[in-house]
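Please open the structure in your viewer and keep the selection tool at hand.

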Amino acid sequence: MSQPSQSKQMLYFAAAFGAGGLLSLMVLFNGTLAAYGSLFFASWIPHLTGTVAALLFLLVLRPKRADTARPPLWVYLGGVSGAVTVMLTSATLNSALALSGTIALGLAGQMVFSLFADMRGLFGLPQRTPVGRDFIALTLIIAGSLILIFYGSGS
Amino acid sequence: MIWFASLAILAGVLISLSRQINGRLALSTSAMESSFWNHLVGLVFITVVALLIGGLFAGEPSASPWWAYLGGPIGVIFIAAGSWLIARIGAAQTALLIIAGQMISGVVLDVVMGAPGDLWARTIGVGLILAGMWAAQGRTS
């Protein structure tokens with residue numbers, strides 16, 4: 001796969017790593033909502049406040065549109081897929097899988113499908129073939145994550 | 001058990017699918033606009049399903065602390081970042097680095113909040129993840 005220049009690559013890495021940190025905060029905040037209200041509520045509220053926040057960001061930042069041509073309608077359906085995810089995990093959390101099993105199997109599904117999508121260039125995104133180094137990184141990060149998921153927390 | 005395991009795997013697939021579709025929308029518009037549509041369409045979808053099934057306001061939702069409502073605005077930045085990154089470093093690397101960031105920040109949050117945990121498991125886990133990130137970026141050309 002073609003690699004961006006090193007300084008750009010560091011920027012992308014930092015952004016992705018930072019996004020992971022934001023995800024931890026989201027899990028904490030939305031989990032707190034779920035502790036008081038229903039699981040629907042814990043997903044409905046962040047989507048509601050998120051819609052308002054995104055609208056404000058758009059009004060303030062006014063990002064340039066990349067393309068004047070209208071994209072196909074299916075590209076607007078990413079939110080449905082994300083919302084279904086919340087419902088699926090709320091079902092598996094209460095099964096024998098519990099939180100750790102749900103996260104671990106979710107990581108597996110996410111990585112396998114991401115690799116497949118990259119290799120095929122699905123949905124009009126750039127095609128890229130993973131190389132040996134990518135699989136070493138994948139093995140190390142997933143191994144570390146599984147250790148944290150299953151042995152890292154005291155419960 | 002197999003049934004729930006399949007659902008958990010499917011949930012992971014859908015996370016990646018959602019990021020790819022949003023990334024494709026960002027290619028035509030912008031990362032922030034794709035995040036807006038992700039939240040609006042998701043909101044409509046959840047509202048419809050919650051109205052059909054009921055129980056949206058069950059429990060004591062009004063008792064939750066104010067800061068718990070901050071998940072929405074944070075999610076906007078999270079989705080925008082994913083949409084921006086996926087076209088640049090690919091779905092697998094985006095997912096892998098987000099997982100790395102989530103896992104390590106999770107350990108930091110646990111330590112800060114005093115959650116019990118095994119020191120050795122935390123050290124080895126974080127060490128492996130850092131080594132993996134080093135391996136991912138180590139390609140010099």
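A residue is called buried if 20 or more other C-beta atoms lie within 10 Å of its own C-beta atom. By this criterion, 56% of the 141 residues of chain B count as buried. Please bear in mind throughout that this is a predicted model.

**First stop: chain B**

Among the contacts in chain B with a separation of 6 or more, 74% join residues 24 or more positions apart.

**Second stop: where the chains touch**

Now display chain A together with chain B. How many residues of chain A are in contact with chain B? There are 104 of them, and they meet 106 residues of chain B. On chain A, the elements that give two or more residues to this side are helix H1 (6-36), helix H2 (39-61), helix H3 (78-93), helix H4 (98-120) and helix H5 (132-152). The largest share, 21 residues, comes from H1(A). Coloured by class, this side of chain A shows 62 nonpolar, 35 polar and 7 charged residues.

Select H5(A) and helix H3 of chain B, residues 71-112. Their axes come within 10 Å and cross at roughly 30°. Because angles under 35 degrees count as roughly parallel, H5(A) is roughly parallel to H3(B). The crossing of these two helices is left-handed.

Next, show the side chains at this contact. By class, the contact of H5(A) with H3(B) has 10 nonpolar, 3 polar and 1 charged residues.

**Last stop: Asn30(A)**

Finally, select Asn30(A), which is placed in helix H1 of chain A. Is Asn30(A) buried or exposed? Asn30(A) counts as buried, because it has 24 C-beta neighbours inside 10 Å. Leaving aside residues up to four places away in sequence, Asn30(A) touches Ala42(A), Pro46(A) and Gly71(B). To end, select Ser7(A) as well: Asn30(A) and Ser7(A) are 23 residues apart in sequence and 34 Å apart in space, C-alpha to C-alpha.

Technical notes:
Residues numbered from 1 in each chain as written. Chains lettered and ligands numbered in written order. Predicted model: local features only at pLDDT ≥ 70, side-chain atom pairs only at ≥ 80, totals over all residues. Contact = placed C-beta atoms within 7 Å. Helix = DSSP H or I, 4+ residues; strand = E, 2+ residues; numbered from the N terminus. Nonpolar A, V, L, I, M, F, W, Y, C, P; charged D, E, K, R; others polar. Buried ≥ 20, exposed ≤ 12 C-beta atoms within 10 Å, placed from the backbone. Axes fitted to C-alpha atoms, helices over the stretch in contact; angles between N-to-C directions. Parallel < 35°, antiparallel > 145°, perpendicular 65-115°, else oblique. Left-handed = near helix turned anticlockwise from the far one by under 90°.
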